[in-house]
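Visitor: Hi! Could you walk me through this one while I have it open?
Guide: Happy to, ask away.
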Amino acid sequence: MLQFYLVFVGITLFVNGVRIYNSYAADTSKHIGIKDAAVVNLFTGIMGVVLLTVMVVRSTTTGDSLAPAAYSGLFVLTYIWLAINAFTGADGKAFGWFCLLVPFIGIPVAILTFLSAVTGFDYWMVFSWLAWSVLWFMFFLLLVCQLPIGRLTGVVTAAQGITTALMPALLNFWGII
């Protein structure tokens, strides 16, 4: 189920990255409308809500940990929040504060994943959690601290969409990792 969702997370991160990068370009003809990008955020967020619901129901019936559902919820909330902000015109500062706290979850998840890693996919997830923690922190710096890192944040977001989500999911589907 994780790999399935990572395909859409990867695509969404890539689209968001391109939108962020171009929103800081002087040439406004390259700008991607925030509502246009919100469509992929909303789709991925709604899909995440469905998958999250399945995870929670399974966990409560089997007694398994709810931690993976909570970790997935960080992404689900991110995409739904971005979509709602796009449609309401919110400035994103509250989202930025959320992004400050996520690395405090993501870094320990990376460490725990490393300690139990067995497969190539597991090790890729260690890298991914560390990368996502950096990215969420960059969103805090951009949205709350208003540092001039918009174009860099866009590049990192798009690159992470491919390297931390889309590629590991596809390589796992294909039996490579």
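Visitor: Let me start with a side chain: is F43 buried, partly exposed or exposed?
Guide: This is a predicted model, and in it F43 counts as partly exposed, with a relative accessibility of 46%.

Visitor: Which ring does F43 pair with, and what is the geometry?
Guide: F43 forms an aromatic pair with F8. The ring centres are 5.6 Å apart and the planes make an angle of 55°, which is a tilted arrangement.

Visitor: What does that pair tie together?
Guide: F8 sits in helix 1 (residues 2–23) and F43 in helix 2 (residues 34–62), so the pair ties together parts 35 residues apart in sequence.

Visitor: And how accessible is F8?
Guide: F8 has 24% relative accessibility and counts as partly exposed.

Visitor: How many aromatic pairs are there by this rule?
Guide: The count comes to 14 aromatic pairs. Another one is W81 with F98: their ring centres are 5.5 Å apart and their planes are at 45°, so this pair is tilted.

Visitor: Where do W81 and F98 sit?
Guide: W81 is in helix 3 (residues 67–88) and F98 is in helix 4 (residues 93–101). They are 17 residues apart, and the pair links distant parts of the chain.

Visitor: Is F98 buried or exposed?
Guide: F98 is buried, at 15% relative accessible area. The cut-off for buried is under 20%.

Visitor: Which residues form an aromatic cluster?
Guide: Y71, F75, W129, W132 and W136 form one aromatic cluster.

Visitor: Let's zoom out. What is the secondary structure of the chain?
Guide: There are 7 helices and 0 strands. The radius of gyration is 16 Å, close to the 16 Å from the globule rule for 177 residues, so the chain is as compact as a globular protein of that length.

Visitor: What box do the C-alpha atoms fill?
Guide: Along the principal axes, the C-alpha atoms of the chain fill roughly 50 × 30 × 30 Å.

Visitor: How much of the chain is buried?
Guide: Buried residues make up 45% of the 177 residues. The accessible surface comes to about 9,000 Å², and 74% of that belongs to carbon and sulfur atoms.

Visitor: What about contacts between residues 24 or more positions apart?
Guide: Those account for 71% of the contacts with a separation of 6 or more.

Visitor: One last thing: how far apart are the mean positions of the positive and negative charges?
Guide: They are 9 Å apart, for 6 positive and 5 negative charges.

Note on methods:
Residues are numbered from 1 along each chain as its sequence is written. This is a predicted model: local features need pLDDT of at least 70, side-chain atom pairs count only at pLDDT 80 or more; totals for chains, interfaces and linings use all residues. Side-chain values use heavy atoms; hydrogens and water are left out. Helices (H or I, at least four residues) and strands (E, at least two) are DSSP runs, numbered from the N terminus. The radius of gyration is taken over C-alpha atoms; the globule rule is 2.2 Å times the number of residues to the power 0.38. Buried means under 20% relative accessible area, exposed over 50%, partly exposed in between (1.4 Å probe, protein chains only). Contact means heavy atoms within 4.5 Å. Accessible areas come from the Shrake-Rupley method with a 1.4 Å probe; for residues, only the protein chains shown count as cover. Lys and Arg count as positive and Asp and Glu as negative; His and the chain ends are not counted. The place of a charge is taken as NZ of Lys, CZ of Arg, CG of Asp or CD of Glu. Rings of Phe, Tyr and Trp (its six-membered ring) pair if their centres lie within 6.5 Å; planes under 30 degrees apart count as stacked, over 60 as edge-to-face and the rest as tilted.
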